[in-house]
Amino acid sequence: MSAFTYRHLLLAVDFATETDPVIERASHLRAQCGARLSILHVVEYLPMAYSGDLVLPDNFDLEQELLEVAKKQMKIVGERLNVALENRHIEIGGTGHTILRVAGELEVDLIVLGSHGRHGLAVLLGSTARSVLNGAGCDVLAVRIKG
């Protein structure tokens, strides 16, 4: 029987305060396995057709604003976990699809992400954790987020 250990982890984060347990779990696993840790945040751009009654100035670039906020948050998490700049990734796109794409490109063997454990209609509409679990070519750890 051979012992298996993870070599490269991908932590998918959304920077919400309730995701601290997800970050801590990835940090613990990295230490336990002596693995490389990469961090990914996906900026999911919402087309202006979905903005409702929101009125923005003509020169306002929502995508750029979202990227700037993501860069600041990534710096905080990256420094907290002592993750090198080249292992910090910010992408734009659909969250589940992008996590799967980046995991494949980086050849990770474990994706760590949060799961809200939604019920009812939210389950029918799908979730990021569900799409990653169903499409991943590697192991996935979905850490339950309370609340």
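# A guided tour of the predicted chain

Of the 147 residues in the chain, 34% are buried (under 20% relative accessible area, with exposed meaning over 50% and partly exposed in between; 1.4 Å probe, protein chains only). The model is predicted: local features need pLDDT of at least 70 and side-chain atom pairs count only at pLDDT 80 or more, whereas totals for chains, interfaces and linings use all residues. Residues are numbered from 1 along each chain as its sequence is written, and side-chain values use heavy atoms, with hydrogens and water left out.

**Whole chain.** Begin with a cartoon view, which shows five helices and five strands (DSSP runs numbered from the N terminus: H or I of at least four residues for helices, E of at least two for strands). Their order along the sequence is β-α-β-α-β-α-β-α-α-β. Among contacts (heavy atoms within 4.5 Å) with a separation of 6 or more, 80% join residues 24 or more positions apart.

**Strand S4.** Next, select residues 110-115, which form strand S4. Five of the six residues in S4 are buried. Gly114 has Val143 of S5 as its bridge partner.

**Asp109 and Arg7.** Display side chains now; the whole structure holds seven salt bridges (a side-chain nitrogen of Lys or Arg within 4 Å of a carboxyl oxygen of Asp or Glu). One of them joins Asp109 to Arg7, with the closest N and O atoms 3.2 Å apart. This pair links distant parts of the chain, 102 residues apart: Asp109 is in the loop between helix H3 (95-106) and S4, and Arg7 is in the segment before S1. Asp109 is buried at 10% relative accessibility, whereas Arg7 is exposed at 57%.

**Helix H2.** Move to residues 62-80 and select Lys75 and Glu79, which lie four residues apart, about one turn of the helix. Their salt bridge has its closest N and O atoms 2.7 Å apart. Glu79 is partly exposed at 48% relative accessible area, and Lys75 is partly exposed at 45%.

**Helix H3.** Finally, select Arg101 and Glu105, also four residues apart in H3. The closest N and O atoms of this salt bridge are 3.0 Å apart. Arg101 is partly exposed at 31%, while Glu105 is exposed at 53%.

Terms used: Pairing = 2+ DSSP bridges.
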